[in-house]
Every structure is written in structure tokens, then in C-alpha cells.
Amino acid sequence: HLGRVFLAQGEAARVFSPQEDSLPRLLEQDHKADSAPAPGPPGQIPLHQSGYALAYTLLEESLALFRELGEKWGMAFTLLYLAQVHFVGQIEPATVSSLLEESLTLFRELDNKEGLALCFALAGQVALSQGDAGTARAYAKESLRLYREMGHLAGMIESPLILLARVATLQ
């Protein structure tokens, strides 16, 4: 977990060679437990705090490291988060589809249903933003199917059900 903090601070080199002073240094910087990085790539937290430029930079750095390591799980989630940053932050909107497609490919290779469900939910949001309610509904239903299959109730509520409700209001 300390390595994720270093990545989030732009200190990728320290991830692979932490020094003895790592923990005291971290504590000096007033990192509280409730602001500790959540599981997943380091750019995830700034994304949810609307720091799109910072999230983009951190995720690009993270993706480069995961590619260098050949870490498909990390690449897949990082690509998904990058797609989300591009979509929500309106940073190069045309890039969202290619990022999602690469992420979907990796999640399929890994047989990671949660990652697939997240990708389909975001693809549905993108389709809806482009006025394509039919495609949005299809992606939301696929996301919902995967969440049901996993028994992941929170995932069902957070993404596909809300998206389906949004689609329904437009028809």
C-alpha cells in the first residue's frame, strides 16, 4: 500500500526501492487513514475528487509502469480509469472508446467479470451522452447481467440500474 502512495505522489522509483525513512516521511506529510489510497491504480482517488489533470498524469504514469511489468490486471483497470477521466473530464473525448476497448480486451483475457461490468457501464454512459439510448441500454443490461452473476448488489445499483433509469427518462 505504501507503494501506491509513492505512485500517487509521482515517486514511481520509490515503489520498487522504498527507503527506511518511508513510513516516517509519509506520516510527516499528514496522510490520514481516511485519505489513504483505495485499492486500484493510484489515479483513482484524484478522479473522484475532480482532479482530472492530476488523475490523468498519475494514471498515465501508472499505465506505463504496469505495461513495463506486463501486469494485465493493473493495465486493464488503469485503462478503464483513464477512459473515465477522458469522459468525465472531457479530455480528448474521442480517446474514450479506444481506452475502453483495450480495457475490455484485457478484462476478457483475465476473465474479470467486475472489470467487464464496469467497462460496459461506462460504455453505456458514453453512448447515452452521444444520444444513443439503445446502445446505452444494451451496455447497461450487459453490465447488470454480470453484476447479478457475481451477486454484486452494490455494483448493480451504482452503475447499470442508474444508467437504465437515465435511459428510461429519455424515452
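Helix H5 covers residues 52–69, and at 1.5 Å a residue its 18 residues should span 26 Å; the C-alpha atoms at its ends lie 25 Å apart, which agrees. Keep in mind as you look around that this is a predicted model.

Which residues of H5 are buried? They are Ala 55, Leu 58, Leu 59, Ser 62, Leu 63, Leu 65 and Phe 66. Looking down the axis of H5, you will find its buried residues within an arc of 165 degrees, so they line one face of the helix. An α-helix has 3.6 residues a turn, so residues three or four places apart point the same way. Ala 53 and Glu 68, on the other side of H5, are exposed. Just after the helix comes Gly 70, with a positive phi of about 70 degrees.

## Ser 103 in helix H7

Now move along to helix H7, residues 95–110, where Ser 103 has its place. Is Ser 103 buried or exposed? Its relative accessibility is 0%, so Ser 103 counts as buried. Setting aside neighbours within four places in sequence, Ser 103 is in contact with Ala 76, Leu 79, Leu 80 and Cys 119.

## How confident is the prediction?

The protein has a mean pLDDT of 76, with 71% of its residues at 70 or more. Confidence is highest in H7, at a mean of 96, and lowest in helix H3 (residues 22–28), at 39. The pLDDT is below 50 over residues 1–40, a stretch that has 50 contacts in the model beyond near neighbours in sequence. Residues 42–47 also have pLDDT below 50, with 24 such contacts in the model. Where pLDDT is low, the predicted coordinates should not be read in detail.

How values were computed. Residues are numbered from 1 along each chain as its sequence is written. This is a predicted model: local features need pLDDT of at least 70, side-chain atom pairs count only at pLDDT 80 or more; totals for chains, interfaces and linings use all residues. Side-chain values use heavy atoms; hydrogens and water are left out. Helices (H or I, at least four residues) and strands (E, at least two) are DSSP runs, numbered from the N terminus. The expected span of a helix is 1.5 Å times one less than its number of residues. Buried means under 20% relative accessible area, exposed over 50%, partly exposed in between (1.4 Å probe, protein chains only). The arc is that of the directions from the helix axis to the C-beta atoms. Contact means heavy atoms within 4.5 Å. pLDDT is the predictor's confidence in each residue, from 0 to 100.
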